[in-house]
Amino acid sequence: MEINFVGLACALATFFGIWWGHVSVRKIEREVVNLWIPTVGALLLGGAFLTASFLTSNLALSAASGILAVTLFWDALEIAVRQPRRIIRGEAPANPNNPRHARILAQYPAATTVDLHEHEPIGRQYTPQEIAAMKERAA
Amino acid sequence: MNTFGLWMGLAALFIIGMGFVWVIRGERYLGFLWWPYIIALGAACIVGALFVANDWASGLLGAAGASLIWGATELKEQAVRGELGWYPFNGKKIPPPFVDVIRKWKAPSL
């Protein structure tokens, strides 16, 4: 039986595309003041991968490049729109040293510098008082 | 021009999007402790993809396997999101087989 590497290439591109996007979006959005710069960067890099996927005749390379391109396009949307919304809602920690985040912290009461994900599951819902205490402890 | 990558990329985006759905629903009804089984299923999909002759089927199976593995690493954070009230919380989850053993293992989170 012949081994087909298209699936493995797709698996690697999907996993590392999501992983890289997940980590880098959080890091970049946290540090950068002008989000249009990394947004355009992600779009250009995605465009480069898409072009590469068009030009290669190797199906595994084409698939991996296509998946990386699409995940980079999605990352651009995450950087520009979705992650800032999470900061506003307090679902991701704001960086008080970033002037853009400092403005969000001043304007939106739900925004916080605390990463509320940094807990082990406890098997029940937190009370509003417990959540408030978590935010105050770190403040 | 080879459009295989573009279509595979769009299919992977759909698979990843469905990953968000099953992580939310799966954690709500089953709980995050199912993560070893999900990782095993994802790995089986990827290994299986190596032996599928059809390129489309192999690619989709590989992407689905990777999405399952990624989703398994998201289950713990999703459990915390439910406990924080960001998503509906269900206190009566279905425990996985060997739950006491799995509880001693550190759940992956990337």
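Helix H3 of chain A carries a kink of about 50°, centred on A:Glu78. The model described here is predicted. After the helix comes A:Gly90. The phi of A:Gly90 is positive, near 80°.

The largest nonpolar core has 54 residues. Residues of both chains are among those with the most contacts inside this core. In chain A they are A:Ala9, A:Cys10, A:Ala63, A:Ala64 and A:Ile67, and in chain B they are B:Ala12 and B:Ala63. Helices H1, H2 and H3 of chain A each give two or more residues to the core. So do three helices of chain B: H1 (4–29), H2 (35–50) and H3 (55–84). H3(A) gives the most, with 13 residues. In soluble globular proteins, nonpolar side chains tend to be buried together.

One residue of this core, A:Ala64, can be followed in detail. Its neighbours within four places in sequence are left aside here. On that basis, A:Ala64 is in contact with A:Ala9, A:Cys10, A:Leu12 and A:Ala13. Two of these partners, A:Ala9 and A:Cys10, are themselves listed among the residues with the most contacts inside the core.

The two chains meet across an interface. Here 37 residues of chain A are in contact with 41 residues of chain B. By class, the side of chain A that touches chain B has 22 nonpolar residues, 13 polar residues and two charged residues.

Chain B is built from helices, with four helices and zero strands. Its pattern along the sequence reads α-α-α-α. The C-alpha trace of chain B spans about 50 × 30 × 20 Å along its principal axes. Chain B has 110 residues, and 44% of them count as buried. Contacts in chain B were also sorted by separation in sequence. Among those between residues at least 6 apart, 77% join residues at least 24 apart.

Notes:
Residues numbered from 1 in each chain as written. Chains lettered and ligands numbered in written order. Predicted model: local features only at pLDDT ≥ 70, side-chain atom pairs only at ≥ 80, totals over all residues. Buried ≥ 20, exposed ≤ 12 C-beta atoms within 10 Å, placed from the backbone. Contact = placed C-beta atoms within 7 Å. Nonpolar A, V, L, I, M, F, W, Y, C, P; charged D, E, K, R; others polar. Bend = angle between axes of the 7 residues up to and from the residue. Core = buried A, V, L, I, M, F, W, Y, C linked by C-beta atoms within 7 Å.
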